[in-house]
Amino acid sequence: MKNKLILSIFIVVLCGCTSQSITISTSVPAPLVMSNSDLRVISYFSDNVNNYLFTSEELEKTDNSWEINFEDTQKNIFTIILSSFFDNNSISDSFDNISDNSADLIMGFNLESFEFLTPQIASNNKYSIWIKYKINIYDQKKDLIQTWSITGYGEQLTESFEGNDAILNAINIALRDVGANLTIKLEKDMQELLNLMQ
């Protein structure tokens, strides 16, 4: 009887500790904006934008262990948006490899935080995602002229979704929110950027 009880507890513990692995492949439509054909723009991306792998242990231990692979999704979203605003937009593998006067505007993207709340942690029936990016903007001499903070939020109720679809949709919403907020920021501050480069 005692052995059966120990076995039952062991099975419950095994069932409660599961590992979830998902891959993100979010995309955004190209924004319909006025494109600038005069500016030479070079963008570069930190490692956590080029290929970010989130594991739930980074935040706190939960009953479920999560691994979320963003691959190059973030980089692709930012590139789509920048290419809509600037006809002459190219990518460098690092800030150090950009030579002086090779661009009129340099934009560097870094993922500052990815926060992940499960229904188990929040004691509700939804996934919540917060994402925050820091964007450093430099002139052609590589002098810093602006720093932007771009955020995104997404949430999804679990009721009508199966498997990992709810969390995938929450992340998709958050990334699209980032794309929308960057588009709004570029439209709003474009003239200010042009003035700072003069």
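In which strand is T147 found? And what lies around that residue?

Author: First, a caution: this is a predicted model. T147 is found in strand 8, which covers residues 144-157. Its relative accessibility is 41%, so T147 counts as partly exposed. The cut-offs matter here: buried means under 20%, exposed means over 50%, and partly exposed lies in between.

Now the neighbours. Leave out residues up to four places away in sequence, and T147 touches K134, I135 and N136. With N136 there is a polar contact, side chain to side chain, at 3.2 Å. K134 is 13 residues from T147 in sequence. In space, their C-alpha atoms are 7.0 Å apart.

Next, strand 7. It runs over residues 126-138 and holds S128. S128 has 4% relative accessibility, so this serine counts as buried. Its contacts, leaving aside neighbours within four places in sequence, include Y153, G154 and E155. S128 is also in contact with E115, F116 and L117.

Step back to the whole chain. The protein has five helices and eight strands. Along the sequence they follow the pattern α-β-β-α-β-β-α-β-β-α-β-β-α. There are 198 residues, and 40% of them count as buried. Take the contacts between residues at least 6 apart in sequence: 71% of these join residues at least 24 apart.

The aromatic residues come next. A search of the whole structure finds 16 aromatic pairs. One of them is Y52 with F70: the ring centres are 5.5 Å apart and the planes meet at 40°, so this pair is tilted. Y52 lies in strand 3 (residues 52-55) and F70 in strand 4 (residues 64-71), so the pair ties together parts that are 18 residues apart in sequence. Both Y52 and F70 are buried. Another pair is F85 with F86: centres 6.4 Å apart, planes at 45°, so tilted. F85 counts as buried because its relative accessibility is 3%. F86 is buried too, with a relative accessible area of 0%.

Ring pairs also build a cluster. Its members are Y52, F54, W66, F70, F114, F116 and Y127. A charge meets a ring elsewhere: the charged end of K142 sits over the ring of F95, 4.3 Å from its centre.

The buried residues of helix 3 are T73, Q74, I77, F78, T79, I81, L82, S84 and F85.

T79 reaches the backbone oxygen of K75 at 2.8 Å. S83 reaches the backbone oxygen of T79 at 2.9 Å.

T79 has a relative accessible area of 18%, which is why it is buried: the cut-off is under 20%. S83 has 37%, so S83 is partly exposed. Leaving out residues up to four places away in sequence, T79 touches F45, N89 and I91. S83 and N36 are 47 residues apart in sequence. In space, their C-alpha atoms are 9.6 Å apart.

Last, helix 5. It covers residues 165-196, 32 residues in total. From its first C-alpha to its last it reaches 44 Å, close to the 46 Å expected at 1.5 Å a residue. Helix 5 also has a kink of about 55°, centred on D189.

Back to your residue. T147 is partly exposed in this model. Its side chain has a polar contact with the side chain of N136. K134 and I135 are also among the residues that T147 touches.

Technical notes:
Residues numbered from 1 in each chain as written. Predicted model: local features only at pLDDT ≥ 70, side-chain atom pairs only at ≥ 80, totals over all residues. Heavy atoms only, no water. Helix = DSSP H or I, 4+ residues; strand = E, 2+ residues; numbered from the N terminus. Buried < 20%, exposed > 50% of the residue type's maximum accessible area, 1.4 Å probe, protein only. Contact = heavy atoms within 4.5 Å. Polar contact = N/O pair within 3.5 Å; in protein donor to acceptor, adjacent residues only side chain to side chain. Expected span 1.5 Å × (residues − 1). Bend = angle between axes of the 7 residues up to and from the residue. Phe/Tyr/Trp six-rings, centres within 6.5 Å; stacked < 30°, edge-to-face > 60°. Lys NZ or Arg CZ within 6 Å of the ring centre and 35° of its normal.
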